[in-house]
Amino acid sequence: MAAARAATHHSLVSASILDSDLASLSRECRRALKGGADRIHLDVMDGHFVPNITFGPGIIKKLRKIGKQPFDAHLMISEPSRYMDQFIDAGCDSITFHVEVEEPIEPTLLKIRKAGRLAGLALKPATPLSALDPYRDLVDIIMVMTVEPGFGGQHFMPEPAAKISDVKRLMAGHRDVLVHADGGVSADTAAVVGGYGVDVCIVGSALFQRGQDAANEVQAVKRNAGAAPWPG
Ligand code: DX5
Ligand code: ZN
């Protein structure tokens, strides 16, 4: 894998539908996928872990009918264990929750994997990588937040993005973990996360802004992330 990447470093795009037209979610998902997005990123917020409320497993289950493209759930909720069966039942291909939650983490990661899905942990900008140490063998995805979780359309934070290459170094030769970058990623900032070797760029408002051509943005993000010299 490392050798292949050194030659041709490709980042995938996962479209975050948080800032899309929430009244037409399935149409917006199709628009992003038609524009070349590889996956759909689903921001679930409970108004407690973050100061915003979005949607839950019921809506995701309805959306699941749009096609087979991977659904990545990003749970910004305080009690992921309480709702895990519902997210698994809703058809999420990967389920990522935050390492900062105040409940046991290992059993929930094991449950996600037992259901045959990818298990992930997300880190807020101020959370050090060492928070992941107990779970290195239990995660398939590490989501590096490059904004404070809670809202789309925020400015990209370059400092926490550096954790992406640290994760790569930490996990190199140890395990294949996909590193996602979430928050403020667009054609303008893709080169930064690409330079750190990101695997999946999560793109929200930049894709769904009024008058924005989703396909152009997706291609520009992939081009700029891929063009960045790696490892940065
Ligand atoms: C923020 C969410 C992100 C956000 C991305 O808490 O986790 O997924 O929707 O949107 P942009 O790209 O607009 O920052
Ligand atoms: Zn997200």
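Q: Hi! Quick one to start: which is it for Asp 43 and Asp 182, buried or exposed?
A: Both Asp 43 and Asp 182 are buried. Buried stands for under 20% relative accessible area, exposed for over 50%, and partly exposed for what lies in between, using a 1.4 Å probe and protein chains only.

Q: Good. What kind of model is this, and how is it numbered?
A: The model is predicted, so local features need pLDDT of at least 70 and side-chain atom pairs count only at pLDDT 80 or more, while totals for chains, interfaces and linings use all residues; side-chain values use heavy atoms, with hydrogens and water left out. Residues are numbered from 1 along each chain as its sequence is written, and in order of writing, chains are lettered from A and ligands numbered from 1.

Q: Back to those aspartates. Which residues coordinate the zinc ion (ligand 2)?
A: His 41 (NE2), Asp 43 (OD), His 74 (ND1) and Asp 182 (OD) coordinate the zinc ion (ligand 2), at 2.0 to 2.3 Å. Donors here are N, O and S atoms within 2.8 Å of the metal (3.2 Å for Na, K and Ca); water is not among the atoms, so sites may look incomplete.

Q: And why is the arrangement octahedral?
A: Because the 6 donor atoms around the zinc ion (ligand 2) subtend angles of 74 to 169 degrees. Six donors count as octahedral, and four as square planar, if opposite donors are over 155 degrees apart and all others between 65 and 115; four are tetrahedral if all angles lie between 85 and 135 degrees, and anything else is irregular.

Q: What spacing do the donors follow along the chain?
A: The pattern for the zinc ion (ligand 2) is H-x1-D-x30-H-x107-D. Asp 43 sits in strand S2 (residues 39-45) and Asp 182 in strand S7 (residues 178-182), so the pair ties together parts that are 139 residues apart in sequence. Helices (H or I, at least four residues) and strands (E, at least two) are DSSP runs, numbered from the N terminus.

Q: New topic: how many salt bridges does the structure hold?
A: There are 13 salt bridges, each meaning a side-chain nitrogen of Lys or Arg within 4 Å of a carboxyl oxygen of Asp or Glu. Side chains of opposite charge can pair when their charged atoms come close.

Q: Which residue does Lys 168 meet in a salt bridge?
A: Lys 168 pairs with Asp 199 (2.7 Å, N to O). That pair links distant parts of the chain, 31 residues apart: Lys 168 is in helix H7 (residues 163-171), and Asp 199 is in the loop between helix H8 (190-195) and strand S8 (200-203). Lys 168 and Asp 199 are both buried.

Q: And what about Lys 111?
A: Lys 111 forms a salt bridge with Asp 85 (3.0 Å, N to O).

Q: While we're at H5, which of its residues are buried?
A: Thr 108, Leu 109 and Ile 112. Seen down the axis of H5, they fall within an arc of 100 degrees, so they line one face of the helix. The arc is that of the directions from the helix axis to the C-beta atoms.

Q: What do the buried residues of H5 pack against?
A: They pack against H4, S4 and strand S5 (118-123), where contact means heavy atoms within 4.5 Å. Thr 108, with a relative accessible area of 4%, is in contact with Ser 81, Met 84, Phe 97 and Glu 103, leaving aside neighbours within four places in sequence. After H5 comes Gly 116, whose phi is positive, near 75 degrees.

Q: Which residues of helix H2 (residues 25-34) are buried?
A: In H2 those are Leu 25, Glu 28, Cys 29, Ala 32 and Leu 33. Viewed down the axis of H2, the buried residues fall within an arc of 135 degrees, so they line one face of the helix. Their cover includes strand S1 (12-16), S2, helix H3 (57-63) and helix H9 (205-208). Just after H2, Gly 36 has a positive phi of about 110 degrees.

Q: Last one: how many residues has the largest nonpolar core?
A: It has 67 residues, and Ile 17 and Leu 109 are among those with the most contacts inside it. A nonpolar core is a set of buried Ala, Val, Leu, Ile, Met, Phe, Trp, Tyr and Cys residues joined through side-chain atoms within 4.5 Å.
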